[in-house]
Amino acid sequence: MAKAFLSHSSENKSLVRAVFDQVKAASAHYDIVTFEEGEATDHEIEAALADTDLFVLFASQPALESPWVKKELAIAKHRIAAGAFQAVQVFVIEGFDTKKLPDWLRQYVYSKKVNAKLIGHQIRSRL
């Protein structure tokens, strides 16, 4: 079964949790559900991204400043170059300027309308 990786800032956790509830656990990697307690977060991120078909970024300033999101983006960039993902989607959190996204990521901006139900539907349709 195809899986999505939900990359986000903890400041956007309520939105991402609502999206995760729409997508369902069998279809998405979401940190507080997927990552095993007591495991190294670096290892958990790498393992989840290795088992990901669709990389989803919830773009916001706090996300781009997060060390964990930076790590996820670095791995995602490498996996995109290797053709390891079927798709990439970037959903822009209200008020975030897409010009702040890394150049390589701008082409994947999917929507600037952030609605958990709509995003969940879009993710499910890509999977």
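## Before we start

This is a predicted model, so local features need pLDDT of at least 70 and side-chain atom pairs count only at pLDDT 80 or more, while totals for chains, interfaces and linings use all residues. Residues are numbered from 1 along each chain as its sequence is written, and side-chain values use heavy atoms, with hydrogens and water left out.

## Three salt bridges

Searching the whole structure turns up three salt bridges (a side-chain nitrogen of Lys or Arg within 4 Å of a carboxyl oxygen of Asp or Glu). Helices here are DSSP runs of H or I with at least four residues, numbered from the N terminus.

Asp-21 is partly exposed at 37% relative accessibility (partly exposed falls between buried, under 20% relative accessible area, and exposed, over 50%, using a 1.4 Å probe and protein chains only). Arg-17 is partly exposed too, at 33%.

## A link between helices

Glu-46 pairs up with Lys-71, and their closest N and O atoms are 3.4 Å apart. Glu-46 belongs to helix α3 (residues 41-50) and Lys-71 to helix α5 (residues 67-81), so this bridge ties together parts 25 residues apart in sequence. Glu-46 is partly exposed at 41%, and Lys-71 is partly exposed at 22%.

## The pair in helix α6

Arg-106 bridges to Asp-103, with the closest N and O atoms 2.7 Å apart. Both lie in helix α6 (residues 103-106), three residues or about one turn apart. Arg-106 is partly exposed at 34%, whereas Asp-103 is exposed at 60%.

Key
Helices (H or I, at least four residues) and strands (E, at least two) are DSSP runs, numbered from the N terminus.
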